[in-house]
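Please look at the structure below with its aromatic rings in mind.

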Amino acid sequence: MKRILSLMFSILILASFLTSCEEKKDIKDLKSDIPILLYHSVIPKLEEEHSRSMFVSEVNFEKDLKYLKKNGYETISLEQMEDYYLGEEIQLPKKPIVITFDDGYLNNYEYAYPLLKKYDTKAVIYLIGWSVGRDTFIDSDKEITPHFNWEQAREMYESGLIQFGSHTFDLHNEQGLSYGYGKEVGFGLAIMDDESDEEYKTRVEEDLKKSKIMIEEEIGQEVTSIAYPYGEYNETLLDMLEELGFKSGLITESDQESKSPFTIRRQIITEDRRISDIL
């Protein structure tokens, strides 16, 4: 009888261990992060009015691309990045790297794209839906930093070098009224004060679906990746993303290693912080 009880106890312990292992499959025990770089704007020359954290000069951007080539780094696609973080068995280059741009500024097309072509380098651009092709706000003539249009986006995509992701349709703003259509919003994708989980889910789901469908219809590329405005995210949001068809979510700079496909960290590149300072 004692032997039977001991055997049953051992079986229960083994079953508990296997269940625990199964539960952990959703979060891959990564060997290391793939370096993911974050740019915003590339322009010929920085003037006093340009933020050195948001703008990078053409000269320095080209230096970055030369550094990658010289040191054996190879840019990979969104699909390769996502497969890695999802734990798929894939063959990556010896030194993989991902270049991303947030917001979709016209200068990405005018200055960054020609250099990416010159050095045969891939990149991912995360678009703010309402601002595509605009140089003013929707409800006024007040100027904004110009954004490239859909025709220019299609040209970049058809090159085979550029892919696109969502940076939300109209949720990239401080708390208050959204910059695009003046809707009441939180800080980026944050939950608003006194907003219930259901109200939050409905509001954010509507925005992300709109962003995703718009990019897919205009460019012809499935949208599976999102970059959180200001790096702001929460557990409620993370629970929603897979159901909405996303496979990856990118945050801004973090000292923590990426432990989930929906909290992948990036390293911010500025005019004063070069790739060589990070890698």
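What follows describes ring pairs and then charges over rings.

This is a predicted model, in which local features need pLDDT of at least 70, side-chain atom pairs count only at pLDDT 80 or more, and totals for chains, interfaces and linings use all residues. Residues are numbered from 1 along each chain as its sequence is written, and side-chain values use heavy atoms, with hydrogens and water left out.

The structure holds 10 aromatic pairs. Rings of Phe, Tyr and Trp (its six-membered ring) pair if their centres lie within 6.5 Å; planes under 30 degrees apart count as stacked, over 60 as edge-to-face and the rest as tilted. One of the pairs joins F61 and F101: the ring centres are 5.9 Å apart and the planes stand at 70 degrees, so this pair is edge-to-face. Because F61 belongs to helix α2 (residues 58–70) and F101 to strand β5 (residues 96–103), the pair ties together parts that are 40 residues apart in sequence. Helices (H or I, at least four residues) and strands (E, at least two) are DSSP runs, numbered from the N terminus. F61 is buried, at 0% relative accessible area, and F101 is buried at 1%; buried means under 20%, exposed over 50% and partly exposed in between (1.4 Å probe, protein chains only). Ring pairs also link Y39 with F61 and F101 into a cluster.

Two charges sit over rings, in the sense that NZ of Lys or CZ of Arg is within 6 Å of the ring centre and within 35 degrees of the ring normal. The charged end of K95 is over the ring of Y73, 4.4 Å from its centre. R266 lies over the face of Y126, 5.8 Å from the ring centre.
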